[in-house]
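Subject: Structure handover

Hello,

Here is the structure you asked about, with notes on what was found in it. Please read the notes with the model open.

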Amino acid sequence: MPPRRTSPASATVESHINEIDAIFAGAGLVRSRRGKAAGVRDRAKYQEKTPEELRPAPAQTLRAANGVEFVPVHGWEKISWLWHGFSTRVGGVSTTYAGEGSDGELNLGFTADDSRENVLRNRGLFAEAVTGSAETPIATIRQIHSSVITLADAASAGQPGKGDGQMTDTPGLLLGVMTADCIPVLVADRKRRAVAAFHAGWRGTVKRIVESGIGRMRLEFGSRPEDLVAAIGPGNGPCCYAVGEELLSEFTSQFSYAPELFHEVYDSDPVKQKYPMLFLTQRAPGHSPIGPSLHLDLFEANRRQLLAAGLRPENISLAGGCTGCQRDLFFSHRASQGRAGRMMAVIGIRG
Ligand SMILES: [Zn+2]
């Protein structure tokens, strides 16, 4: 027998909300989007945004004849001596991170889940897509979230050193940095024909890897900032990169512009906004289950470092794309709970 309705539906909903509020209050929490959730300090100075407002423009990809899809930098095709590109997961022979029955993918990192043979084959395919030859050597480094920058030459491809940035003026090789959420940054000196690639996660960004990297280019190659062009590649965007308060402290202690790098992000779904508890299990780790989450914009942080190093704003490009939002296109360490392939950003001087 169906329950007898003794009150209008809205009154029933209201009483449910009151019950939910009582449970929240009992746990020291508040439901209201304007209220402060547990552990959230006063962050009135940060702009409130929804993920949609913060999402970067989607990346425009190029599909090579061998099936590899990569992201070129708009306008860099005019620099005739330059090779460059940001890889995606599309193309390649790895199947370990792909859904069942799907095509091979372009995992470019020696991860525990993939075979060395697959990765080497994928690197050859990527080199071919960018340079026309699978034999073009790629110099990689053992990345350690530092601000260490190494000078690469023809011998570097066989023996990776440790660090998070590489630069060279030697033609015929690609410099590669690997990411799966972190921000890759590529730089080219149009006058002196020198190039650099940087890996900037939050740690490297706090250590100013990009800013000090430009300084190293000045030292090694006599680069002038006004001759440099830079591109910030796909990574975990401000729409997705929820962080803890400790990162706020780290960035605030280092950068006067830190307040501009953080946003308070509210889920734009009104149901989720009202009943965040109901969606607890659907949220990725690192996201605050209740109330707003603090999001860091690593694209902007690295753009600010390029500006601080003297680059002209019009010479800095954003490749677009977010690894958290475009999971069919990019590998994301966060979105796949740590079990992800690796993408590579490469730059080189035509041999
Ligand atoms: Zn995103």
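Two residues are in contact here if their C-beta atoms, placed from the backbone, lie within 7 Å. Among contacts between residues at least 6 apart in sequence, 67% join residues at least 24 apart.

This is a predicted model: local features need pLDDT of at least 70, side-chain atom pairs count only at pLDDT 80 or more, and totals for chains, interfaces and linings use all residues. Residues are numbered from 1 along each chain as its sequence is written.

Overall content

The protein has eight helices and 17 strands; these are DSSP runs numbered from the N terminus (helices H or I, at least four residues; strands E, at least two). Of its 351 residues, 42% count as buried, that is, with 20 or more other C-beta atoms within 10 Å of their own C-beta, again placed from the backbone.

Strand β10 covers residues 183-189, and seven of its seven residues are buried. Ile183, Val185, Val187 and Asp189 point one way from the strand, while Pro184, Leu186 and Ala188 point the other way. β10 pairs with β11 (residues 194-200) in the antiparallel sense over seven bridges; two strands count as paired if DSSP finds at least two bridges between them. Asp189 is opposite Ala194 of β11. The two strands make a hairpin with four residues between them, and Arg193 in the turn has a positive phi of about 50°. β10 also pairs with β12 (residues 228-232), antiparallel over five bridges, with Val187 opposite Ala230.

Which residues have the most contacts inside the largest nonpolar core? They are Leu174 and Val187, in a core of 76 residues. A nonpolar core is a set of buried Ala, Val, Leu, Ile, Met, Phe, Trp, Tyr and Cys residues joined through C-beta atoms within 7 Å. Leaving aside neighbours within four places in sequence, Val187 is in contact with Val195, Ala196, Ile214, Met217, Leu228 and Ala230.

Helix α5

Ile214 and Met217 are among the buried residues of α5, together with Ile209, Val210 and Gly213. These residues cover an arc of only 135° around the axis, which puts them on the same side of α5; the arc is that of the directions from the helix axis to the C-beta atoms. The helix has 13 residues (209-221), which at 1.5 Å a residue should span 18 Å, and its end C-alpha atoms are 18 Å apart, in agreement. The expected span is 1.5 Å times one less than the number of residues. Just after α5, Gly222 takes a positive phi of about 70°.

β4 (residues 82-87) and β17 (residues 343-349) run antiparallel and are joined by five bridges, with Leu82 partnered by Ile349.

Another open sheet has four strands in the order β1-β14-β15-β13, also with mixed pairing. β1 (47-49) and β13 (242-243) are at the edges with a single partner strand each, so one side of each is left without a neighbour in the sheet. β1 runs parallel to β14 (residues 262-265), joined by three bridges, and Lys49 is opposite Val265.

Regards

Methods. A residue is buried if 20 or more other C-beta atoms lie within 10 Å of its own, exposed if 12 or fewer, and partly exposed in between; C-beta atoms are placed from the backbone.
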